[in-house]
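I opened my notebook beside the model and wrote down what I looked up, one entry at a time.

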Amino acid sequence: KRPKKKKKAGTSESAVGTKVSLSRGVRGFTDSYVRYGQTEPPSLPVASLFVDREFPPGEVQSYHSRVTTEEHRAMDRMQQDLWSKMRHASEVHRQVRSYAQSFIEPGIKLADMCERIEGMNRRLVEERGLQAGIGFPTGCSINHVAAHYTPNPGDDVTLGYGDVMSVDFGTQIDGRIVDCAWTVAFDPKFDSLLEAVREATDTGLRTAGIDVRLCDVGEAIQETMESYELDLGGQTFPVRCVRNLNGHSMGPYQIHGGKSVPIVKGGDATKMEEGEIYAIETFGSTGRAHVVEDLECSHYMKNFHAPHVPLRMPRAKKLLAHINKTFGTLAFCRRWLERDDGGSSAVNGPTGAKQEKYLGALKNLCDVGIVNPCPPLCDVKGSYVAQYEHTILLRPTCKEVVSRGDDY
(Lines give C-alpha, C1' and ligand atoms only; values in the text may rest on other atoms or scores of the structure.)
Protein backbone atom coordinates (compact mmCIF):
# COMPACT_ATOMS: atom_id res chain seq x y z
CA LYS A 1 0.00 0.00 0.00
CA ARG A 2 1.26 3.47 -0.80
CA PRO A 3 2.50 5.52 2.21
CA LYS A 4 0.13 8.06 3.66
CA LYS A 5 0.47 11.56 2.33
CA LYS A 6 0.47 14.72 4.38
CA LYS A 7 -3.13 15.69 5.16
CA LYS A 8 -4.51 18.62 3.26
CA ALA A 9 -5.74 21.80 4.80
CA GLY A 10 -9.43 22.45 4.41
CA THR A 11 -10.77 25.91 3.83
CA SER A 12 -8.71 28.92 4.83
CA GLU A 13 -9.92 28.89 8.45
CA SER A 14 -8.34 26.55 11.01
CA ALA A 15 -10.54 23.70 12.19
CA VAL A 16 -12.52 24.59 15.31
CA GLY A 17 -15.20 22.85 17.33
CA THR A 18 -15.60 20.20 20.00
CA LYS A 19 -17.64 17.35 18.46
CA VAL A 20 -16.16 14.67 16.23
CA SER A 21 -17.93 12.63 13.56
CA LEU A 22 -19.61 9.38 14.58
CA SER A 23 -18.15 7.67 11.51
CA ARG A 24 -14.76 7.15 9.93
CA GLY A 25 -13.50 8.69 6.70
CA VAL A 26 -13.75 12.37 7.65
CA ARG A 27 -11.67 14.72 9.76
CA GLY A 28 -12.29 17.82 11.85
CA PHE A 29 -15.28 18.68 14.02
CA THR A 30 -18.96 18.42 13.18
CA ASP A 31 -19.74 21.74 14.89
CA SER A 32 -17.01 23.73 13.12
CA TYR A 33 -19.63 26.11 11.70
CA VAL A 34 -19.86 27.83 15.10
CA ARG A 35 -16.81 29.86 14.00
CA TYR A 36 -19.17 31.92 11.85
CA GLY A 37 -21.78 32.44 14.56
CA GLN A 38 -23.94 29.48 13.54
CA THR A 39 -25.95 27.75 16.27
CA GLU A 40 -25.48 24.12 17.30
CA PRO A 41 -27.34 22.41 15.74
CA PRO A 42 -27.56 24.80 12.76
CA SER A 43 -30.69 26.91 12.53
CA LEU A 44 -29.63 30.17 10.86
CA PRO A 45 -29.62 30.64 7.07
CA VAL A 46 -26.02 30.78 5.86
CA ALA A 47 -26.62 34.10 4.08
CA SER A 48 -27.45 35.70 7.43
CA LEU A 49 -24.00 34.78 8.77
CA PHE A 50 -22.24 36.70 5.99
CA VAL A 51 -24.08 40.00 5.71
CA ASP A 52 -21.51 41.35 3.23
CA ARG A 53 -21.99 38.12 1.21
CA GLU A 54 -18.26 37.45 1.36
CA PHE A 55 -18.64 33.69 1.63
CA PRO A 56 -15.50 31.65 2.46
CA PRO A 57 -13.53 30.60 -0.62
CA GLY A 58 -12.62 26.97 -1.16
CA GLU A 59 -9.13 25.55 -1.46
CA VAL A 60 -7.18 27.48 -4.11
CA GLN A 61 -4.72 25.51 -6.25
CA SER A 62 -2.37 26.88 -8.90
CA TYR A 63 -2.36 25.68 -12.47
CA HIS A 64 0.71 23.62 -13.41
CA SER A 65 1.71 25.49 -16.56
CA ARG A 66 -0.35 28.65 -16.90
CA VAL A 67 0.99 32.15 -16.42
CA THR A 68 -1.61 34.48 -14.91
CA THR A 69 -1.85 37.83 -16.66
CA GLU A 70 -3.67 41.05 -15.80
CA GLU A 71 -6.25 40.08 -18.41
CA HIS A 72 -6.91 36.82 -16.54
CA ARG A 73 -7.30 38.71 -13.27
CA ALA A 74 -9.75 41.13 -14.90
CA MET A 75 -11.80 38.22 -16.28
CA ASP A 76 -11.79 36.61 -12.85
CA ARG A 77 -13.16 39.79 -11.26
CA MET A 78 -15.92 39.95 -13.88
CA GLN A 79 -17.23 36.59 -12.68
CA GLN A 80 -17.28 37.34 -8.96
CA ASP A 81 -21.07 36.98 -8.88
CA LEU A 82 -20.79 33.39 -10.11
CA TRP A 83 -17.97 32.56 -7.70
CA SER A 84 -20.05 34.05 -4.85
CA LYS A 85 -23.07 31.87 -5.68
CA MET A 86 -20.88 28.76 -5.77
CA ARG A 87 -19.23 29.68 -2.44
CA HIS A 88 -22.62 30.36 -0.86
CA ALA A 89 -23.93 26.95 -1.97
CA SER A 90 -20.68 25.32 -0.83
CA GLU A 91 -20.87 26.82 2.66
CA VAL A 92 -24.43 25.55 2.95
CA HIS A 93 -23.22 22.11 1.85
CA ARG A 94 -20.36 22.13 4.37
CA GLN A 95 -22.64 23.03 7.26
CA VAL A 96 -25.32 20.54 6.27
CA ARG A 97 -22.86 17.68 5.88
CA SER A 98 -21.14 18.56 9.17
CA TYR A 99 -24.57 18.34 10.81
CA ALA A 100 -25.16 14.98 9.09
CA GLN A 101 -21.81 13.65 10.31
CA SER A 102 -22.96 14.38 13.87
CA PHE A 103 -25.94 12.00 13.78
CA ILE A 104 -25.29 9.31 11.14
CA GLU A 105 -24.69 6.14 13.15
CA PRO A 106 -25.54 2.42 13.00
CA GLY A 107 -29.25 1.77 13.32
CA ILE A 108 -30.43 4.97 11.67
CA LYS A 109 -33.24 4.56 9.18
CA LEU A 110 -32.07 5.85 5.81
CA ALA A 111 -35.36 7.57 5.02
CA ASP A 112 -35.16 9.49 8.30
CA MET A 113 -31.51 10.38 7.61
CA CYS A 114 -32.36 11.76 4.17
CA GLU A 115 -35.27 13.79 5.53
CA ARG A 116 -33.02 15.37 8.17
CA ILE A 117 -30.28 16.20 5.67
CA GLU A 118 -32.72 17.62 3.13
CA GLY A 119 -34.62 19.57 5.77
CA MET A 120 -31.42 21.21 6.96
CA ASN A 121 -30.36 21.88 3.37
CA ARG A 122 -33.65 23.68 2.69
CA ARG A 123 -33.38 25.67 5.91
CA LEU A 124 -29.78 26.85 5.54
CA VAL A 125 -30.08 27.77 1.86
CA GLU A 126 -33.48 29.44 2.45
CA GLU A 127 -35.22 27.28 -0.13
CA ARG A 128 -36.93 29.36 -2.81
CA GLY A 129 -37.89 26.84 -5.45
CA LEU A 130 -35.71 27.05 -8.54
CA GLN A 131 -33.86 30.11 -7.19
CA ALA A 132 -32.26 28.24 -4.31
CA GLY A 133 -32.64 24.79 -2.82
CA ILE A 134 -31.59 21.19 -3.04
CA GLY A 135 -29.54 20.27 -6.09
CA PHE A 136 -30.69 16.64 -6.24
CA PRO A 137 -32.02 13.92 -3.90
CA THR A 138 -29.76 12.65 -1.13
CA GLY A 139 -27.97 9.54 -2.33
CA CYS A 140 -27.22 6.98 0.38
CA SER A 141 -25.87 4.04 -1.59
CA ILE A 142 -24.80 1.09 0.58
CA ASN A 143 -22.10 -1.54 0.01
CA HIS A 144 -22.33 -2.88 -3.58
CA VAL A 145 -24.68 -0.06 -4.61
CA ALA A 146 -22.46 2.69 -6.00
CA ALA A 147 -24.84 5.54 -6.82
CA HIS A 148 -28.41 6.80 -7.41
CA TYR A 149 -30.08 5.14 -4.43
CA THR A 150 -32.38 7.05 -2.11
CA PRO A 151 -35.25 5.46 -0.18
CA ASN A 152 -38.63 5.37 -1.86
CA PRO A 153 -41.76 5.82 0.27
CA GLY A 154 -42.17 2.77 2.52
CA ASP A 155 -38.47 1.81 2.37
CA ASP A 156 -37.36 0.86 5.92
CA VAL A 157 -33.67 0.06 5.27
CA THR A 158 -31.39 0.90 8.19
CA LEU A 159 -27.64 1.47 8.33
CA GLY A 160 -25.50 -1.25 9.94
CA TYR A 161 -22.10 -1.16 11.64
CA GLY A 162 -20.57 -3.28 8.87
CA ASP A 163 -21.95 -1.16 6.02
CA VAL A 164 -20.12 1.23 3.71
CA MET A 165 -22.39 4.08 2.60
CA SER A 166 -21.70 7.00 0.27
CA VAL A 167 -23.65 10.18 1.06
CA ASP A 168 -24.09 12.34 -2.03
CA PHE A 169 -26.24 15.48 -2.01
CA GLY A 170 -26.27 18.84 -3.74
CA THR A 171 -27.12 22.47 -3.04
CA GLN A 172 -28.03 24.97 -5.76
CA ILE A 173 -28.26 28.75 -6.02
CA ASP A 174 -29.79 30.07 -9.27
CA GLY A 175 -29.18 26.65 -10.80
CA ARG A 176 -25.48 26.61 -9.93
CA ILE A 177 -25.03 23.23 -8.29
CA VAL A 178 -22.45 22.17 -5.72
CA ASP A 179 -22.11 18.39 -6.02
CA CYS A 180 -20.13 16.83 -3.19
CA ALA A 181 -20.00 13.40 -1.52
CA TRP A 182 -18.20 11.37 1.10
CA THR A 183 -18.29 7.81 2.42
CA VAL A 184 -19.48 6.66 5.84
CA ALA A 185 -18.04 3.55 7.53
CA PHE A 186 -17.71 2.50 11.17
CA ASP A 187 -15.52 -0.61 11.01
CA PRO A 188 -11.76 0.20 10.84
CA LYS A 189 -11.25 -2.61 8.33
CA PHE A 190 -12.61 -0.26 5.64
CA ASP A 191 -10.07 2.51 6.32
CA SER A 192 -7.87 1.56 3.35
CA LEU A 193 -10.84 1.62 0.98
CA LEU A 194 -11.90 5.07 2.14
CA GLU A 195 -8.34 6.39 2.02
CA ALA A 196 -7.82 5.03 -1.51
CA VAL A 197 -10.91 6.79 -2.86
CA ARG A 198 -10.31 10.03 -0.96
CA GLU A 199 -6.71 10.20 -2.19
CA ALA A 200 -7.78 9.32 -5.75
CA THR A 201 -10.27 12.20 -5.73
CA ASP A 202 -7.59 14.57 -4.42
CA THR A 203 -5.28 13.38 -7.23
CA GLY A 204 -8.00 14.17 -9.75
CA LEU A 205 -8.40 17.64 -8.27
CA ARG A 206 -4.65 18.31 -8.43
CA THR A 207 -4.42 17.04 -12.02
CA ALA A 208 -7.46 18.90 -13.39
CA GLY A 209 -7.02 22.31 -14.96
CA ILE A 210 -7.40 24.49 -18.03
CA ASP A 211 -6.16 22.70 -21.18
CA VAL A 212 -5.72 19.41 -19.31
CA ARG A 213 -6.97 16.38 -21.24
CA LEU A 214 -9.80 14.49 -19.55
CA CYS A 215 -8.01 11.19 -20.18
CA ASP A 216 -4.95 12.42 -18.27
CA VAL A 217 -7.10 13.11 -15.22
CA GLY A 218 -8.50 9.58 -15.42
CA GLU A 219 -5.05 8.01 -15.73
CA ALA A 220 -3.76 9.88 -12.67
CA ILE A 221 -6.83 8.89 -10.64
CA GLN A 222 -6.45 5.22 -11.54
CA GLU A 223 -2.75 5.16 -10.66
CA THR A 224 -3.52 6.45 -7.16
CA MET A 225 -6.64 4.38 -6.54
CA GLU A 226 -5.22 1.07 -7.65
CA SER A 227 -2.08 1.33 -5.53
CA TYR A 228 -4.25 0.39 -2.52
CA GLU A 229 -5.60 -2.93 -1.32
CA LEU A 230 -8.01 -4.00 1.39
CA ASP A 231 -7.91 -6.90 3.88
CA LEU A 232 -11.33 -8.44 4.56
CA GLY A 233 -11.60 -11.61 6.61
CA GLY A 234 -8.06 -12.68 5.83
CA GLN A 235 -8.53 -12.16 2.09
CA THR A 236 -6.82 -9.33 0.21
CA PHE A 237 -8.83 -7.35 -2.33
CA PRO A 238 -7.35 -4.78 -4.69
CA VAL A 239 -9.18 -1.45 -4.73
CA ARG A 240 -10.17 -0.78 -8.33
CA CYS A 241 -11.74 2.19 -10.09
CA VAL A 242 -15.33 1.60 -11.20
CA ARG A 243 -14.54 2.00 -14.89
CA ASN A 244 -17.99 3.03 -16.13
CA LEU A 245 -18.57 5.82 -13.59
CA ASN A 246 -17.23 9.33 -14.18
CA GLY A 247 -16.98 12.87 -12.95
CA HIS A 248 -18.74 15.49 -15.06
CA SER A 249 -18.98 19.12 -16.04
CA MET A 250 -21.98 21.08 -14.76
CA GLY A 251 -24.02 23.92 -16.20
CA PRO A 252 -26.92 26.04 -14.92
CA TYR A 253 -29.70 23.65 -13.84
CA GLN A 254 -27.76 20.87 -15.56
CA ILE A 255 -26.01 18.37 -13.29
CA HIS A 256 -24.33 16.61 -16.24
CA GLY A 257 -23.08 19.38 -18.49
CA GLY A 258 -21.79 17.36 -21.44
CA LYS A 259 -18.19 16.45 -20.53
CA SER A 260 -17.30 13.32 -18.58
CA VAL A 261 -14.16 12.98 -16.46
CA PRO A 262 -13.06 9.32 -16.56
CA ILE A 263 -11.48 7.62 -13.56
CA VAL A 264 -9.46 5.14 -15.60
CA LYS A 265 -6.89 5.66 -18.33
CA GLY A 266 -7.70 5.62 -22.02
CA GLY A 267 -10.65 7.99 -22.04
CA ASP A 268 -11.61 11.12 -23.98
CA ALA A 269 -8.75 13.42 -25.05
CA THR A 270 -11.01 16.49 -24.95
CA LYS A 271 -9.50 19.31 -22.91
CA MET A 272 -10.94 21.13 -19.93
CA GLU A 273 -11.61 24.82 -20.59
CA GLU A 274 -11.47 28.09 -18.69
CA GLY A 275 -14.63 28.95 -16.78
CA GLU A 276 -15.94 25.40 -16.61
CA ILE A 277 -17.27 23.86 -13.41
CA TYR A 278 -16.64 20.18 -12.72
CA ALA A 279 -17.66 17.56 -10.21
CA ILE A 280 -14.54 15.46 -9.71
CA GLU A 281 -15.68 12.17 -8.21
CA THR A 282 -14.11 8.76 -7.90
CA PHE A 283 -15.51 5.36 -7.00
CA GLY A 284 -13.37 2.52 -5.66
CA SER A 285 -14.64 -1.05 -5.50
CA THR A 286 -13.61 -4.42 -4.11
CA GLY A 287 -15.82 -6.12 -6.72
CA ARG A 288 -15.75 -6.34 -10.50
CA ALA A 289 -15.48 -2.51 -10.72
CA HIS A 290 -18.27 -2.27 -13.28
CA VAL A 291 -21.81 -1.18 -12.42
CA VAL A 292 -25.18 -2.04 -13.93
CA GLU A 293 -28.67 -0.63 -13.36
CA ASP A 294 -30.53 -2.62 -10.74
CA LEU A 295 -33.16 -2.32 -7.98
CA GLU A 296 -36.20 -0.05 -7.85
CA CYS A 297 -35.75 3.41 -9.38
CA SER A 298 -36.00 6.41 -7.07
CA HIS A 299 -34.14 9.20 -8.94
CA TYR A 300 -35.68 10.97 -11.93
CA MET A 301 -34.76 14.05 -13.91
CA LYS A 302 -36.43 15.93 -16.73
CA ASN A 303 -34.42 15.63 -19.93
CA PHE A 304 -32.50 18.90 -20.35
CA HIS A 305 -33.18 18.66 -24.10
CA ALA A 306 -36.65 17.16 -23.74
CA PRO A 307 -38.52 16.76 -27.01
CA HIS A 308 -41.96 18.29 -27.45
CA VAL A 309 -44.22 15.28 -27.29
CA PRO A 310 -48.04 15.50 -27.28
CA LEU A 311 -49.27 13.78 -24.14
CA ARG A 312 -52.60 11.98 -24.26
CA MET A 313 -52.76 10.97 -20.60
CA PRO A 314 -54.24 13.79 -18.45
CA ARG A 315 -52.33 12.60 -15.38
CA ALA A 316 -49.07 12.78 -17.35
CA LYS A 317 -49.83 16.37 -18.38
CA LYS A 318 -50.60 17.27 -14.77
CA LEU A 319 -47.43 15.61 -13.46
CA LEU A 320 -45.25 17.28 -16.10
CA ALA A 321 -46.67 20.69 -15.17
CA HIS A 322 -45.80 19.96 -11.55
CA ILE A 323 -42.25 18.85 -12.45
CA ASN A 324 -41.67 21.94 -14.60
CA LYS A 325 -42.89 24.25 -11.86
CA THR A 326 -41.20 22.56 -8.91
CA PHE A 327 -37.98 20.97 -10.21
CA GLY A 328 -37.37 22.20 -13.75
CA THR A 329 -34.45 20.14 -15.04
CA LEU A 330 -33.09 19.39 -11.55
CA ALA A 331 -33.28 15.79 -10.32
CA PHE A 332 -36.11 14.73 -8.02
CA CYS A 333 -37.32 11.59 -6.29
CA ARG A 334 -40.57 9.84 -5.42
CA ARG A 335 -40.29 10.85 -1.75
CA TRP A 336 -40.50 14.49 -2.79
CA LEU A 337 -43.53 13.93 -5.01
CA GLU A 338 -45.34 12.41 -2.04
CA ARG A 339 -44.56 15.27 0.37
CA ASP A 340 -47.53 17.45 1.29
CA ASP A 341 -45.80 20.33 -0.53
CA GLY A 342 -45.02 18.21 -3.59
CA GLY A 343 -41.28 18.86 -3.20
CA SER A 344 -41.19 22.58 -2.43
CA SER A 345 -43.25 24.60 0.03
CA ALA A 346 -41.81 27.79 -1.48
CA VAL A 347 -43.32 26.90 -4.87
CA ASN A 348 -46.47 25.00 -3.94
CA GLY A 349 -47.28 26.08 -0.38
CA PRO A 350 -47.04 23.78 2.65
CA THR A 351 -49.95 21.53 1.69
CA GLY A 352 -52.11 20.47 -1.21
CA ALA A 353 -49.42 19.57 -3.75
CA LYS A 354 -48.88 15.91 -2.85
CA GLN A 355 -48.94 13.82 -6.02
CA GLU A 356 -51.44 10.94 -5.96
CA LYS A 357 -51.57 7.89 -8.23
CA TYR A 358 -48.69 9.27 -10.30
CA LEU A 359 -46.64 6.15 -11.09
CA GLY A 360 -48.37 5.46 -14.41
CA ALA A 361 -47.98 9.09 -15.43
CA LEU A 362 -44.31 9.06 -14.44
CA LYS A 363 -43.73 5.92 -16.50
CA ASN A 364 -45.45 7.58 -19.47
CA LEU A 365 -43.14 10.63 -19.21
CA CYS A 366 -40.13 8.29 -19.10
CA ASP A 367 -41.36 6.21 -22.04
CA VAL A 368 -41.68 9.25 -24.32
CA GLY A 369 -38.26 10.64 -23.33
CA ILE A 370 -39.37 13.72 -21.40
CA VAL A 371 -38.12 12.39 -18.06
CA ASN A 372 -35.03 10.23 -17.57
CA PRO A 373 -35.16 7.50 -14.92
CA CYS A 374 -31.87 7.12 -13.04
CA PRO A 375 -31.95 3.67 -11.37
CA PRO A 376 -29.41 2.59 -8.74
CA LEU A 377 -26.02 1.61 -10.17
CA CYS A 378 -24.72 -1.61 -8.62
CA ASP A 379 -21.56 -3.66 -8.55
CA VAL A 380 -21.63 -7.39 -7.74
CA LYS A 381 -23.35 -8.33 -4.47
CA GLY A 382 -20.94 -8.82 -1.60
CA SER A 383 -18.60 -6.08 -2.79
CA TYR A 384 -18.05 -2.64 -1.28
CA VAL A 385 -17.97 0.66 -3.17
CA ALA A 386 -16.78 3.99 -1.74
CA GLN A 387 -17.09 7.49 -3.22
CA TYR A 388 -15.58 10.93 -2.61
CA GLU A 389 -16.45 13.99 -4.67
CA HIS A 390 -15.75 17.72 -4.82
CA THR A 391 -16.82 20.60 -7.05
CA ILE A 392 -14.04 22.57 -8.73
CA LEU A 393 -14.10 25.95 -10.49
CA LEU A 394 -11.64 26.48 -13.36
CA ARG A 395 -11.20 30.19 -12.76
CA PRO A 396 -9.00 32.26 -15.13
CA THR A 397 -6.38 32.78 -12.38
CA CYS A 398 -6.54 29.51 -10.44
CA LYS A 399 -8.61 26.43 -9.76
CA GLU A 400 -10.78 26.54 -6.67
CA VAL A 401 -11.97 23.38 -4.92
CA VAL A 402 -15.01 25.32 -3.80
CA SER A 403 -16.57 22.51 -1.74
CA ARG A 404 -13.43 21.67 0.24
CA GLY A 405 -13.91 21.56 4.02
CA ASP A 406 -12.10 20.57 7.18
CA ASP A 407 -13.69 17.13 6.88
CA TYR A 408 -12.32 16.00 3.50
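**Entry 1: H322.** I looked up H322 and found it in helix α7, residues 314-326. This is a predicted model, and I read every entry with that in mind. Is H322 buried or exposed? H322 has a relative accessible area of 8%. The cut-off for buried is under 20%, so H322 counts as buried. Next I listed its contacts, leaving out residues up to four places away in sequence. H322 touches F327, L337, G342, N348, A353 and Q355.

**Entry 2: G251.** I went to G251 and found it in the loop between β9 and β10, the latter being residues 260-261. Its relative accessibility is 12%, so G251 counts as buried too. Not counting residues up to four places away in sequence, G251 touches G175, R176 and G257. I also checked the spacing to E276, which is 25 residues from G251 along the chain. The two C-alpha atoms are separated by 8.2 Å.

**Entry 3: strand β11.** How many of the residues of β11 are buried? I counted nine of the nine, so β11 is largely enclosed by the rest of the structure. I then took its two faces in turn. On one side, I277, A279, E281, F283 and S285 are buried. On the other, Y278, I280, T282 and G284 are buried.

**Entry 4: partners of β11.** I followed the pairing of β11 strand by strand.
- β8, residues 240-241, is joined to β11 by two bridges and runs antiparallel to it. Here R240 stands opposite S285.
- β9 is joined to β11 by three bridges, again antiparallel. The bridge partner of H248 in β11 is A279.
- β17 is joined to β11 by nine bridges, also antiparallel.

**Entry 5: the largest pocket.** I asked for the volume of the largest pocket and got about 620 Å³. Which residues lie closest to its centre? Of the 34 lining residues, they are H148, H248, H256, E281 and L377. Two of these names were already in my notes: H248 pairs with A279 in β11, and E281 sits on one of the buried faces of β11. Then I sorted the lining by strand. The largest share, five residues, comes from β2. Strands that each supply at least two lining residues include β2 (132-142), β4 (164-173), β9 (247-250), β11 (277-285) and β17 (385-394). β3, β13 and β15 are also on that list.

**Entry 6: the sheet with β3.** I looked up β3 next. β3, β16 and β12 form an open sheet in the order β3-β16-β12, with antiparallel pairing. β3 and β12 (292-293) are at the edges with a single partner strand each, so one side of each has no neighbour in the sheet. Two bridges connect β3 with β16, residues 377-378. In one of these pairings, V145 has C378 as its bridge partner.

**Entry 7: the sheet with β13.** Another open sheet of three strands has the order β14-β13-β15, and the pairing is antiparallel. β14 (332-333) and β15 (371-374) stand at its edges, each with a single partner strand, so one side of each lacks a neighbour in the sheet. β13, residues 299-302, is joined to β14 by two bridges. Y300 stands opposite F332. I then checked what packs on this sheet. Helix α10, residues 359-367, touches β13, β14 and β15. The direction of α10 makes about 105 degrees with that of β15.

**Entry 8: nonpolar cores.** I looked for the largest nonpolar core and found 95 residues in it. Which members touch the most others? They are I104, M113, L159, M165, W182, L193 and M272. Helix α3, residues 80-103, gives the largest share, nine residues. Apart from this core lies another, of 20 residues, including I323, L362, L365 and I370. Not counting residues up to four places away in sequence, its contacts include I104, P106, I142, M165, V184 and F186.

**Entry 9: cavities.** How many cavities of 30 Å³ or more does the structure hold? I found five.

Notes. Residues are numbered from 1 along each chain as its sequence is written. This is a predicted model: local features need pLDDT of at least 70, side-chain atom pairs count only at pLDDT 80 or more; totals for chains, interfaces and linings use all residues. Side-chain values use heavy atoms; hydrogens and water are left out. A nonpolar core is a set of buried Ala, Val, Leu, Ile, Met, Phe, Trp, Tyr and Cys residues joined through side-chain atoms within 4.5 Å. Buried means under 20% relative accessible area, exposed over 50%, partly exposed in between (1.4 Å probe, protein chains only). Helices (H or I, at least four residues) and strands (E, at least two) are DSSP runs, numbered from the N terminus. Contact means heavy atoms within 4.5 Å. Two strands pair if DSSP finds at least two bridges between them. Axes are lines fitted to C-alpha atoms, for helices over the stretch in contact, and angles run from 0 to 180 degrees between N-to-C directions. On a 1 Å grid over the protein atoms alone, a cavity is a set of points where a 1.4 Å probe fits but cannot get out, and a pocket is an open set with protein on both sides within 12 Å along at least five of seven lines; lining residues have an atom within 4 Å of a point. Grid points are joined across faces, edges and corners, and a volume is the space filled by probe spheres set on the points.
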